[in-house]
Amino acid sequence: DALVPVVDAGEVLTVDRDGRLEAHTADSGDRLWRMDLDLPASAGPAADDRLIVVGGRDGRVIALERSTRSTIWTFQASSEVLARPLLMDRTVVVMSQDGRVYGLRPDTGALRWVHDRTAPSLTLRGLADPLPLDGRVIVGLPNGRLLGLDAETGAELWEARAGVPSGRSDIARMRDVVGRLALDRGVVFGSAYQGDTVAIGGGDGSLLWRRDLASIDGVAVDATRLFVVGGDGVVWALDRQSGDALWRQEELRGARPTAPVVLGDAVVVLDRDGYLTVLETAAGGLVARERLDGAGFSEPLVASEDGLFALSDDGRLFRLRLEPPR
């Protein structure tokens, strides 16, 4: 489930699988409020100054007025929602596991548009979160495609592939885009399960480069490098202009790390065994590795102006600080 904390306006919002929605102060962790959504939550929360939106395993999407925490609308998607909803000025974008992308009105939840792509018969459980770009919505689908959609109409503006299905069995043909996408300076970076890592021009979908490197966790980018967690847990740094390999770090092989997060000169991952690992961006050297929680982490670190936050699989919320090595 894509239950990732959101940090906004000095608050950290979280939701668990049973639909318990909480707000904590970002500086101290004190709980401000807690409420039960009566929803088997699977994605979110998403928040802005108007709304808090959460998606569920039953396909329901619930929007609360942030100031009062009252439900203002509910929308029923065609299958479970496994990507964090995207809140834009005029559209709330929701993705369901069956390949549909919905554009909803923020004030009423009324359907503005739907983009429908039939999903393969067998898919991984999960979706990459949609991203905004200059009036467009960038989405990754279970069939290995990346799409640029018009945020106002849902019209398809371009299509690119992070993996072309091949093989005799449904399993062999899986090319799902489920890991975190990265968007920087108009370029979209992403990876597919059993597919490739690609750099795509976000304006027209042009392929800038492609590398044979699959990931289900996702990517992160800085000024010169793209960081990818491979399916085996190996962390790679690629040249963001060409896709050429710059280094790889084997320390996390088999550790099931989350998507990487770049923090200055460090790239940071959490893992399912409960460890935080810090690597140098320049050469991939191991800076630190520390166990935070025995329950482990399925979702990546959240970086914001208010600090660094991690939510363990047993619901513990951490605020972290990285200190430069002495």
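User: What makes R289 a charge over the ring of Y275?

Analyst: A charge sits over a ring if NZ of Lys or CZ of Arg is within 6 Å of the ring centre and within 35 degrees of the ring normal. R289 lies over the face of Y275, at 4.3 Å from the ring centre. This is a predicted model, in which local features need pLDDT of at least 70, side-chain atom pairs count only at pLDDT 80 or more, and totals for chains, interfaces and linings use all residues. Residues are numbered from 1 along each chain as its sequence is written, and side-chain values use heavy atoms, with hydrogens and water left out.

User: How many aromatic pairs are there?

Analyst: Rings of Phe, Tyr and Trp (its six-membered ring) pair if their centres lie within 6.5 Å. By this rule there are four aromatic pairs. One of them joins F189 and W209.

User: Why is the pair of F189 and W209 called tilted?

Analyst: Planes under 30 degrees apart count as stacked, over 60 as edge-to-face, and the rest as tilted. F189 and W209 have 45° between their planes, with 6.4 Å centre to centre. That makes the pair tilted.

User: Which parts of the chain does the pair of F189 and W209 tie together?

Analyst: Strands are DSSP runs (E, at least two residues), numbered from the N terminus. F189 belongs to strand β19 (residues 187-191) and W209 to strand β21 (residues 207-211), so the pair links parts that are 20 residues apart in sequence.

User: Are F189 and W209 buried or exposed?

Analyst: Buried means under 20% relative accessible area, exposed over 50%, and partly exposed in between (1.4 Å probe, protein chains only). F189 has 1% relative accessibility, so F189 is buried. W209 has 6%, so W209 is buried.

User: What makes β18 and β21 edge strands?

Analyst: Two strands pair if DSSP finds at least two bridges between them. The open sheet here has four strands in the order β18-β19-β20-β21, with antiparallel pairing. β18 (182-184) and β21 each pair on one side only, which puts them at the edges. The average twist is 15° from one strand to the next. Axes are lines fitted to C-alpha atoms, for helices over the stretch in contact, and angles run from 0 to 180 degrees between N-to-C directions.

User: How do you know that β18 and β19 pair?

Analyst: They share three bridges, in the antiparallel sense. The rule asks for at least two. D184 stands opposite V187 in β19.

User: Why is A192 called buried?

Analyst: A192 has 0% relative accessibility, so A192 counts as buried. A192 is found in the loop between β19 and β20 (197-201).

User: What about D217: buried or exposed?

Analyst: D217 is at 14% relative accessibility, so D217 counts as buried. D217 sits in the loop between β21 and β22 (219-221). Contact means heavy atoms within 4.5 Å. Beyond residues up to four places away in sequence, D217 touches G179, R180, V229, G230, P257, T258, A259 and R272.

User: What makes a nonpolar core, and how many residues has the largest?

Analyst: A nonpolar core is a set of buried Ala, Val, Leu, Ile, Met, Phe, Trp, Tyr and Cys residues joined through side-chain atoms within 4.5 Å. The largest has 16 residues. V61, W73, F75, V92, V94 and L104 have the most contacts inside it. Strands β6 (41-47), β7 (51-56), β8 (60-65), β9 (71-76), β11 (92-95) and β12 (100-104) each supply at least two residues of this core. Apart from it lies another core of 15 residues, among them V15, A23, L39 and L64.

User: Why is strand β4 called mostly covered?

Analyst: Five of the six residues in β4 (residues 20-25) are buried.

User: Which strands pair with β4?

Analyst: Strand β3 (residues 11-15) pairs with β4 in the antiparallel sense over five bridges. E11 has T25 of β4 as its bridge partner. Five bridges also join β4 to strand β5 (residues 31-36), again antiparallel. H24 has R31 of β5 as its bridge partner.

User: Why are β30 and β32 at the edges of their sheet?

Analyst: The open sheet has three strands in the order β30-β31-β32, with antiparallel pairing. β30 (302-304) and β32 (317-320) each have a single partner strand, so one side of each is left without a neighbour in the sheet. Four bridges join β31 (residues 307-311) to β32. A310 stands opposite F318 in β32.
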